[in-house]
Structures are given as C-alpha cells and as structure tokens.
Amino acid sequence: MTGRNGRGLREKPMTIIFNIVIFGLAFLMLRLPYRYSLALVAIVVVALLRMERKGAVDALFSLYIRNRRVAAFSALICILAIPVLLSTFRYQSHIAVMALIYAMVCLGLNFQMGSTNMVNFAPAAFMGIGAYSMAVMTVKIGVSPWLGMLTAILTSAFAGLLIGLPTLRTKGYYLSLVTMALQLAFVQLIKNMPSIGGPNGISGVKAFSIGGFSLYKAYTFFGVKLTPHFFYLIFCAFALIILVYVAQRIYISRYGLALNNIAQDEIAANCLGVDVPRCKLFAFVIGGVYCGVGGALYASLTSFVGPNDFTFARSLVFICMVILGGMDNPIGVTVGAFLLTVITEKLRNFSDYAQLIYAVLLVVILIVRPSGLIPKRVRDYCAVFGRELLSPSRPDAGPADKD
Amino acid sequence: MDMFWGLLMSAILLGCTYTLVAVGFSLFFGVMDVVVFCCGDIAIFGSFAIMGAYVAMKSAGLFDSLPFVVCVALLLVIGAVFCAALGLVTYRFSIKPFQNSSELMPLLSTIAMGTIIKEILGLLFKPAVNTVSTALGGESALSVVSGRNPQGFPALLMPNGTVTERNITIIVITILILALLFLFLNRTKMGLSMQAISQNKELSLMTGINVSRIIIITFLIGGIMLAISGFLLGSYQKLMSFDDGAMYGAKGFSAAVVGGLRNTWGAVAGGMLLAFVEVFVSGYIPRGTSYASIVAFVVVVIFIVFKPEGIIGEKTAEKV
C-alpha cells in the first residue's frame with residue numbers, strides 16, 4: 001500500500017515506462033536469435049519469481065489498476081507497436097500469432113482447470129472441433145470465414161456442453177478420464193472420417209477479410225513489403241484483448257467466485273447456494289467458446305487442419321502453459337502461453353526434444369512451484385471498483401489458496 | 001462360427017494385456033490413492049528393455065552358449081529390474097512430492113513422467129540388429145534406426161510353436177501371474193499390509209505397519225508385473241511402437257475404472273469387458289476396426305456416469 005494519494009503525477013509516467021519495458025521484453029524475445037531469446041526468457045522467469053516473492057508483482061498490478069486509463073492506453077499503443085516492429089519478419093510474426101492463439105485456448109482451459117479445479121485433458125480436442133468447423137464451413141460449404149468462426153464457437157461450445165453433462169455426476173479422476181476419452185476418441189474419429197479429409201486433413205481454409213480487405217495477405221506500404229501476418233497479428237491481438245478482458249471480468253464476477261468455491265469444496269458450495277451443475281456447465285461452455293475462437297483463428301492462419309495438430313500431446317502442452325503461467329489468473333495464463341510458445345518455436349532446431357522438454361518442465365514446475373509464475377491473487381474489489389476502503393479489514397474477497 | 005471363436009480368442013488375449021496394466025493401476029491406487037498414469041509407459045519400457053537386452057545378448061553370443069529358456073528368463077529378469085527401478089523413479093519424482101497436494105497433481109505429474117519415458121525411448125532406443133524383419137519372418141532389410149519407428153519384438157515365447165499355442169501360453173501366464181498376485185495379497189503378511197493400507201492408511205500406521213516401506217515394495221512389485229505385461233504385449237503384438245504406452249495407459253485406466261478402481265478383481269473384469277467390446281465391434285460391425293476404440297471409450301463414459309463405483313466395488317458415501 002505505497003503511495004495511495006499524492007503520487008498520481010509520478011505514477012502515470014511509471015505506468016507507461018513499465019508497459020514499454022514489458023512489451024519491449026516480449027518483442028525482444030520474439031525478435032532475437034534463439035540463444036539470446038532463451039536467455040532472456042530465463043532471466044524474465046527468474047525476475048518474475050523474485051518480484052513475486054518481494055511483492056513487486058502485486059505493487060505493479062495495483063499501480064495498473066489505479067492508473068487504469070493510462071495503463072490501458074499505453075499498453076494498446078505498445079501492442080500495436082509490436083506488429084509494426086515485426087512487420088518485415090515473417091517467422092517472428094508467425095510465432096507472435098501462434099502465441100496469441102495458444103493464449104486464447106489456455107484461457108479457455110483455465111476456466112475449467114484453474115478456476116474450478118477440473119483438469120480437462122481435451123483442450124486440443126476443443127480447439128480441433130473449432131478448427132474443423134471453420135475448415136468444413138469455409139472449404140466444404142464455402143461460406144465466409146466469419147460465419148465459419150461463428151460455427152466454430154457454436155460447435156465447440158456445444159461440445160463443451162456435451163462433455164460438461166457427464167461431469168455433473170463425476171469428479172476428480174473420473175472427470176479427467178472422461179475428457180481424456182474425448183481427446184483420444186476425437187483424434188481417432190477425425191482420422192477415420194473420409195468426408196472431412198481423414199488423416200490428410202483439410203487444406204485451403206479461407207483467410208478472414210473485412211469488406212474485401214484480406215487480413216492475411218502481403219501488402220506493400222510505401223515500398224516496404226509487409227509480412228502477410230501483419231494485419232492478422234493485429235486482429236488476433238484485439239481478439240485476445242477482448243477475451244482476456246472477458247476472462248478477467250468473469251474472474252471478479254460472482255461466477256468466478258462460485259467456480260473457485262466449487263474448486264475448494266463442492267459440498268460447501270452446494271450448501272452456500274451455488275448452483276453447482278450450472279456453474280460447471282458454464283465453465284465448460286465458456287471454455288469451449290474460447291477454444292473454438294482459438295481453433296478458428298488457427299485454421300485460418302495455417303489454412304490447413306489435420307488430426308495431428310490436435311493430439312493428446314498438444315493438450316498436455318496447453319496444460320503445461322496454464323500451470324507455468326499460474327492457474328486461475330488470466331494475465332498469468334497469457335504470460336505462460338507466450339513464454340512456452342516462444343521457447344518451443346525458438347527451439348525448432350531441436351524439435352525432436354520438444355515433448356521431452358515439456359514433460360520435464362511440467363514435472364519441475366509441479367514440484368518446485370505448483371502455483372505458477374504469476375499465481376492467482378486475492379480479489380481486491382476495492383481497487384477494481386475504485387472505492388476507498390472504509391476500514392482496514394479485508395474486503396469480501398474470494399477464497400485464496402495459501403499453499 | 002469359426003469367426004466367433006477366433007474373435008473370442010483375440011478378445012481374451014487383448015483382455016489379458018489390458019488386465020495386467022489395469023491391475024497395476026489398481027495396485028498403485030490401492031496403496032497410494034493416486035492414479036499412476038504412466039503404467040502403460042512402464043510396460044512399454046519393459047518390452048523395449050527386453051528388446052534391447054535381446055539384441056545385446058544376441059550379439060554377445062549368449063543365445064548360442066546358454067539354453068534358450070535360461071536366456072529368456074534372464075531377459076525377463078533384466079526387464080523386471082529395469083521396470084522396478086523405473087517404478088521407484090516414478091514414485092520418487094512424480095508421486096512422493098505431491099502427497100499432500102490436490103489429488104490431480106500426481107495425475108498430471110505421472111502423465112508427464114509417462115511422456116518422459118516415451119520420449120526417452122523414442123530418442124535413445126537404437127537396436128543394433130534389425131529385429132523387425134526377423135520378427136516378421138521376412139528376409140528383406142527394413143532398416144530401423146530410431147526408436148520412433150515400430151520395433152519388432154523377438155519371438156521369445158514358444159518360438160517354434162503355432163500362433164494358437166503361443167496365444168494359449170500368454171493366457172496361461174496371465175492367469176498364473178494373477179493367481180500369484182492373489183496369493184501374495186491374501187496369504188502373505190506384506191500383501192495383507194497392502195490391503196490394510198488401501199482400506200485405512202492412518203489405522204495401518206497406528207498398528208505398526210511401515211507404510212513407506214510397503215509403498216516402495218508395491219512399486220517394485222507393480223514394476224515387475226508391468227515388465228511381464230510388456231513382455232506378453234510384445235509377444236502378442238510382435239510390433240511395438242514407443243508411443244503405445246499412452247493408449248495402453250488410457251485403456252488400462254479405463255479398465256480399472258470400469259471394474260472399480262480400488263478392486264484388483266474389478267480390474268480383471270473391466271479389462272476383459274473393454275477388450276470384448278473392442279474386438280467384437282471390430283469383428284461384427286462393418287468398418288468397425290477404426291471405431292473400436294471410440295466405442296470402448298463410450299462404454300467407459302457410460303460406466304463413469306451411471307456406475308462410477310465400477311462393476312465390482314462398493315459405493316462409498318462422501319465424507320464431509
């Protein structure tokens with residue numbers, strides 16, 4: 001609680017500087033060759049851990065919340081600056097887009113795994129359902145990608161509902177087994193359906209366009225040839241901003257609280273009047289929507305969907321991202337997805353070892369720091385809603401994990 | 001009618017392989033209350049260890065100097081030692097650190113452990129002798145350089161017998177192992193302590209059972225059992241792939257759940273049920289082979305939803 005009043009003038013430049021530093025680091029991680037980039041990732045991880053211990057991350061969050069207008073505006077400019085700076089680097093832009101899409105899927109997974117403590121082993125299947133809907137709609141039926149995306153959202157939300165229904169009667173291992181079965185069956189199913197390409201997948205998924213202006217095309221501005229990813233990167237960044245915002249709103253809403261309550265003790269939640277089945281279904285459906293958006297954007301980016309993109313191994317990667325970033329913290333999950341995507345893509349030369357690295361990383365994180373890089377925090381409603389505390393006692397905060 | 005008997009035979013065989021993995025699951029779940037998801041991978045590791053040892057022994061000329069049975073026994077011992085060690089490693093690094101945390105942590109960490117085992121197999125396994133062509137009986141040189149390619153399992157079980165004889169041997173060995181396990185669990189002090197821990201951990205601590213020692217012994221025994229199941233799996237399938245473990249893990253886990261997680265005999269029933277569903281779906285439904293696993297998973301989901309305590313297994317009320 002440093003400098004609540006009277007420091008507003010100095011806080012605003014500070015906020016802007018912090019934003020520039022944060023997004024500058026992200027840019028450098030994308031841009032640098034793999035040795036320096038990975039060294040930077042390591043430094044950032046260590047720094048985050050130290051800051052977390054010293055309470056600096058908390059201070060940063062409260063600084064941002066207090067100066068939210070400045071923070072949001074400067075962050076927006078920084079986010080827009082990244083595609084501009086990357087505009088001639090095709091591969092780096094590709095990594096950035098992949099990181100954004102993975103972050104969306106991880107946010108979706110976070111509703112189930114982070115908030116409600118139901119480990120869903122099928123995020124890749126949900127993403128695949130979205131991607132295949134998009135592919136079928138645009139290639140086989142031939143409608144606009146926007147309609148394809150809508151279909152993707154609807155189908156993966158419906159899949160979430162279907163998977164959510166058995167979970168009303170099960171929990172723990174049984175629930176995990178149901179989602180695992182979905183994941184394994186999904187890959188088997190699409191491999192054995194010739195009508196959607198079978199093992200060969202579907203190629204030629206259309207790119208998004210706004211009024212004839214294609215978002216995935218190499219344009220030339222003032223003699224500078226931009227990468228085709230330029231507008232797509234901006235588009236995905238905006239989509240992710242909206243999704244993070246929604247996730248954050250849900251987190252501080254009563255639903256977010258209820259989900260945490262179920263995670264801690266389902267019986268207690270029931271006794272407190274939380275509509276447990278409804279909340280669980282909500283977590284699965286909203287998670288499905290997020291994964292569906294991610295899948296549709298992914299299909300449009302690679303213009304190809306195949307069964308090998310949505311395997312159990314990919315699901316493990318998403319789980320790893322969520323745990324690395326910090327369960328039940330949308331910002332943390334986004335950071336985790338970004339870091340892990342950068343690590344993977346920068347280690348392309350060693351892709352034989354990618355799975356091994358993920359698995360070792362997962363075990364190490366689980367042993368050393370199960371709460372992740374940026375763990376979830378106590379909801380500070382007074383700061384969020386801008387009301388001063390009347391008494392020094394803690395506001396009606398959500399259940400906080402103290403482990 | 002011939003087709004029916006053939007299917008019945010292969011269903012029982014598949015059921016035997018599922019059963020052994022599922023029994024591993026329920027053994028571990030009994031003493032630790034956690035799902036050790038890398039059972040399938042440990043079994044595959046066992047069969048790869050046997051393959052590697054076979055190649056080494058063959059090139060060292062041991063097969064010519066020693067009787068065949070002794071060699072096979074030696075291979076089994078090597079596989080069992082490897083798997084038991086791997087069981088201990090799994091316990092130390094992916095179960096022990098999570099004893100006091102949420103029940104899903106060990107599930108995640110053992111899945112990660114399974115991936116580590118699988119990837120190590122894929123990266124490191126390089127047999128010196130081309131075993132695929134010898135296993136398939138052909139002379140054509142199919143070069144196998146990396147563990148990521150399917151590996152041919154050497155014909156160690158009844159090498160001169162017919163397929164039916166070999167299959168019957170596999171079934172007999174499975175029954176023998178299960179009988180031994182039954183005797184161990186019910187007739188020895190150690191087995192009874194395992195059951196006691198499975199029923200009530202605190203109380204067994206109070207009665208003077210050395211719980212941590214029993215847990216380690218369980219992992220040793222489970223490892224040995226999984227090594228044998230890997231051996232049988234290899235003898236049945238002839239071709240092994242490094243990433244079979246995840247599928248066997250999922251199937252074994254499903255079988256254990258269908259049968260009742262805590263109950264060893266439930267695992268047998270569940271494994272057989274799953275195998276029968278799979279084999280008969282692929283036998284009698286046109287184009288059913290590709291959908292067999294999916295149907296099996298649907299059966300599992302139905303069981304989880306409507307009878308979560310399993311075929312054999314008492315319903316437990318939730319304690320508050």
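Okay, let's start inside chain B: 16 of the 21 residues of α5(B) are buried, so that helix is largely enclosed by the rest of the structure. Buried here means 20 or more other C-beta atoms, placed from the backbone, within 10 Å of the residue's own. Helices are DSSP runs of H or I, at least four residues, numbered from the N terminus.

Quick housekeeping. This is a predicted model, where local features need pLDDT of at least 70 and side-chain atom pairs count only at pLDDT 80 or more, while totals for chains, interfaces and linings use all residues. Residues are numbered from 1 along each chain as its sequence is written, with chains lettered from A and ligands numbered from 1 in the order in which they are written.

Back to α5(B), residues 104-124. From first C-alpha to last it reaches 30 Å, close to the 30 Å expected at 1.5 Å a residue, that is, 1.5 Å times one less than the number of residues.

Now, how do α8(B) and α10(B) pack? Helix α8 (189-199) and helix α10 (211-237) of chain B meet at about 110°, axes 10 Å apart. That makes α8(B) roughly perpendicular to α10(B), a label for angles of 65 to 115 degrees. On the α8(B) side we have B:M190, B:S193, B:M194 and B:I197; α10(B) brings B:V211, B:I214, B:I217 and B:T218.

Last stop, the two chains. 32 residues of chain A are in contact with 36 residues of chain B, contact being C-beta atoms, placed from the backbone, within 7 Å. On chain A's side, the largest share, 11 residues, comes from α8(A).

Terms used. Contact = placed C-beta atoms within 7 Å. Helix = DSSP H or I, 4+ residues; strand = E, 2+ residues; numbered from the N terminus. Buried ≥ 20, exposed ≤ 12 C-beta atoms within 10 Å, placed from the backbone. Axes fitted to C-alpha atoms, helices over the stretch in contact; angles between N-to-C directions. Parallel < 35°, antiparallel > 145°, perpendicular 65-115°, else oblique.
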